[in-house]
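Dear colleague,

Please have it open while you read.

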Amino acid sequence: MEIDNEFRNYIRPLSSEEYDKLEASILSEGIRDPLVIWQGILLDGYHRYKIAQEHGLEYKTVEVELPDRDAAKEWILVNQLGRRNLTEQEASYYRGKLYSAKKQHQYIHPKSVEQNVLRLDTAEELGKQYGVSHMTIKRDEQFSQAVDKVANEVGTEARNAILSGQAKVPKERVEQLIEIKHEAPELIEPILSGEITISKAMREIQRNKNESKPKPELPKGKYRVIYADPPWPVGSITMDKWKSPIEDKYPTMSIEDIGNLPINELAADECSLFLWTTHTFLPDALRLIEEWGFKYFCCITWDKGNGWTQNGFHKRTEFLLYAYKGGINIDQYGQAIPTIITEPSTQHSKKPDTIRELIKNKTPEPRLEMFARGNYEGWLCWGNEVNNE
């Protein structure tokens, strides 16, 4: 009997406890169910066959007739999906694999017609068969491809840990294991064993990166305008279903650390403060404005056209709070600064450049931008992503 490695990889692995129970049952009652083979290749019964070889036990086989190797793959996948003890991840994986396999055979050739006849949409067909939507089937395919990619890069033990549920890895973040393997291979085993989450691993990698970078010195001098977009402690808020949490993307700061920024010392006697915040941290931002010695005046609302829904509220806006110290130094003439700006967001956390320009055109120098992403004319820019060389 031949063991085909590709076919073998389609078979659901057993945990040590499951294998021990199967072995005990077989040693007590023998191998009751026949092993299934196709052209001498084992399709079903790998674990029973292994136990039989180890203990010299007899077994029976039954041959199935299939037209080709692709049909044999589909037979294995359908058979796996018929098992009762599949985890949610395993069911998703096998549905995705079956969808990929069936897509290769979109046409049938009925004897009653001379031309090819298109089958029903494969995703809809499988969705009806397994009680899920056609979009779930398509997401299953993405998941199965990601798992196989990880198995090739990280090892088959990663696939087993993901599918068994032992590794707490959300479907949409599976491929991040490859990134972790390259950047911090020592974290792979704790993730696969369930000791740590993938979010915790990514935070640790990001923290190590940040610690290895030289910290920019705080700016010196006095400024008549301070424009700041602090990295509020957003925690595990997720940007998008298929992307990682915000905290994995850049280092955040605690409310206390943001409050300890020397905003008051950097402010001139007459200074305008423009401070970005979100719905969640609006109360904190208002409190910090007062602690820094400023007086709140108004709020500019940015409608960015997208956002996440939380507790029935679609949070698609962010806020730029304006406060002043010593007096309002905004130019009273010409085009006024609007308090509502509608402009689609481009990349995560990046605020519209038009807002910076509006402020520049209505305020005096010197101006300071804190937590800037680059250098901009008319501003002294400070932040981890700024190159002042």
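In which loop does Phe371 lie? In this predicted model, Phe371 sits in the loop that runs between E11 and strand E12 (380-382). Its phi is near 65°, which is a positive value in a residue other than glycine, and at 19% relative accessibility Phe371 counts as buried, since the cut-off for that word is under 20%.

A positive phi also belongs to Asn311, where the angle is about 55° although the residue is not a glycine. Asn311 lies in the loop between strand E8 (295-310) and strand E9 (313-325), and with a relative accessible area of 73% Asn311 is exposed.

Another backbone feature is the cis peptide bond that joins Glu365 and Pro366, with omega at about 0°. Pro366 belongs to the loop between helix H15 (353-362) and strand E11 (367-370).

Turning to the cysteines, how many disulfides does the structure hold? The number is zero. For Cys299, the closest cysteine sulfur is that of Cys298, and because the two sulfur atoms are 7.5 Å apart they are too far from each other for a bond; a disulfide would need the pair to be within 2.5 Å. Cys299 is partly exposed, with a relative accessible area of 22%, whereas Cys381 is buried, with a value of 2%.

With kind regards

Methods: Residues are numbered from 1 along each chain as its sequence is written. This is a predicted model: local features need pLDDT of at least 70, side-chain atom pairs count only at pLDDT 80 or more; totals for chains, interfaces and linings use all residues. Side-chain values use heavy atoms; hydrogens and water are left out. Helices (H or I, at least four residues) and strands (E, at least two) are DSSP runs, numbered from the N terminus. Buried means under 20% relative accessible area, exposed over 50%, partly exposed in between (1.4 Å probe, protein chains only).
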